[in-house]
Amino acid sequence: MVCNVMQKTVRAIQKEYCVMQAVVGLLLALFMVGCATSPTGRNQFIMVDDAQLDAQGKQVFMQMKQQQPVLSDPVVNQRVNCIAHALLSQLPQGLRDGWEVRVFNDDTPNAFALPGRKIGVFTGMLKLVQNDAQLAAVIGHEIAHVQARHSGERASMGMVSQLGQGVAE
């Protein structure tokens, strides 16, 4: 009787060990395939295609324009667009054009840039900054997130986390 229990325990441990080896092998393969270098020279793990992220960014921005009021003040829109396009003009040639910039009428002090070349600035941020240079720093920071492919990193890490949770269950 004790031998049967021991044999079952050993088999269960062997099975678990095999599963763990497979998971480690899969994760190593994912990391090798997903290795990339950001424009800043930092190593990244990216498993998500840029085209997929661009499509998601465009979808999110479209939804946001439908759900959040877009500011119609031409003076404020011109100011934000002028600052954003001055920053975008400093990007490499193929990355400068096609950006959409919108000011959202929302008191939250926030700004963002999304894959798919979308930039949003909330009126709350405009109330917070004291001059155009500060606003340029905020918008430039957000553009840098997109150029450094941080969304791709986050999405990839989320995929690995889900894979790990699935294996753990």
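Two residues are taken to be in contact when heavy atoms of the two lie within 4.5 Å, and among the contacts of the protein with a separation of 6 or more, 59% join residues 24 or more positions apart. The structure is a predicted model, in which local features need pLDDT of at least 70 and side-chain atom pairs count only at pLDDT 80 or more, whereas totals for chains, interfaces and linings use all residues. Residues are numbered from 1 along each chain as its sequence is written, and side-chain values use heavy atoms, with hydrogens and water left out.

Six helices and five strands make up the secondary structure, where helices (H or I, at least four residues) and strands (E, at least two) are DSSP runs numbered from the N terminus; their order is α-β-β-α-α-β-β-β-α-α-α. Of the 169 residues, 32% count as buried, that is, under 20% relative accessible area, with exposed meaning over 50% and partly exposed in between, for a 1.4 Å probe and protein chains only. The accessible surface, computed by the Shrake-Rupley method with a 1.4 Å probe, comes to about 10800 Å², of which 59% belongs to carbon and sulfur atoms.

Beyond its neighbours within four places in sequence, V121 is in contact with residues including V80, R102, F104, L126, L135 and I139.

Helix 3 has 15 residues and reaches 20 Å from its first C-alpha to its last, close to the 21 Å expected at 1.5 Å a residue, the expected span being 1.5 Å times one less than the number of residues. N77, V80, I83, A84 and L88 are the buried residues of helix 3; seen down the helix axis, they fall within an arc of 140 degrees, so they line one face of the helix, the arc being that of the directions from the axis to the C-beta atoms. Strand 3, strand 5, helix 4 and helix 5 are included in what covers these buried residues, whereas P74, V75 and Q78, on the other side of helix 3, are exposed.
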